[in-house]
Amino acid sequence: MSSTLPNSPLTTFVLNTGDGVPGARMALSLHRLDSLLVIWNLVTVGTTDEDGRCPGLITTKAFTPGMYKMRFETGQYWESLGHNSFYPYVEIVFTITNPNERFHLPLLLSRFSYSTYRGS
């Protein structure tokens, strides 16, 4: 991870549990819900690095209370490995009430299942 990247209050990690390796080079996007218009606004896009991480997702200043969605392009990831997948993408919706805390959102993934949890 580069030391020039901002320290994000929100981090993620993708683990390919089927092969026991990090989910490297997976495209993802972060969205925030506009509660008045009830639409998702794109905050940022990224790609996981060789360690399955995507540093610098959002700045502390931009990380405000609200509902967020992280979308992982799992179908493209598996296709790049020469496999098909039951899930073309995974969207994880979560609520932030205290943006002063740190949040870690891992995705544990195989071709036919996934799980997640809130880390810190």
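**Around H31**

Modeller: Leaving aside the neighbours within four places in sequence, H31 is in contact with W40, N41, L42, V43, M67, Y68, K69 and R71; please keep in mind that this is a predicted model.

Colleague: Which strand does H31 lie in, and is H31 buried or exposed?

Modeller: H31 lies in strand β3, and because its relative accessibility is 13%, under the 20% cut-off, H31 counts as buried.

Colleague: What does the side chain of H31 make a polar contact with?

Modeller: The partner is the side chain of S29, at 2.8 Å.

Colleague: Switching to the largest nonpolar core, which residues touch the most other members?

Modeller: That core has 22 residues, and the ones touching the most other members are L10, M70, F72 and F94. At least two core residues come from each of β1 (10-16), β3 (27-34), β5 (66-72), α1 (74-80), β6 (90-96) and β7.

Colleague: And what does L10 touch?

Modeller: Not counting residues up to four places away in sequence, L10 touches L30, L57, I58, F63, M70, F94 and F103.

Colleague: What is the strand order in the open sheet of four strands?

Modeller: The order is β2-β1-β7-β8, and the pairing is mixed. The edges are formed by β2 (21-22) and β8 (114-116), each of which has a single partner strand, so one side of each is left without a neighbour in the sheet.

Colleague: How do β7 and β8 pair?

Modeller: Strand β7, residues 103-109, pairs with β8 in the antiparallel sense over three bridges, and L108 stands opposite S115 in β8.

Conventions:
Residues numbered from 1 in each chain as written. Predicted model: local features only at pLDDT ≥ 70, side-chain atom pairs only at ≥ 80, totals over all residues. Heavy atoms only, no water. Pairing = 2+ DSSP bridges. Core = buried A, V, L, I, M, F, W, Y, C linked by side-chain atoms within 4.5 Å. Buried < 20%, exposed > 50% of the residue type's maximum accessible area, 1.4 Å probe, protein only. Contact = heavy atoms within 4.5 Å. Polar contact = N/O pair within 3.5 Å; in protein donor to acceptor, adjacent residues only side chain to side chain.
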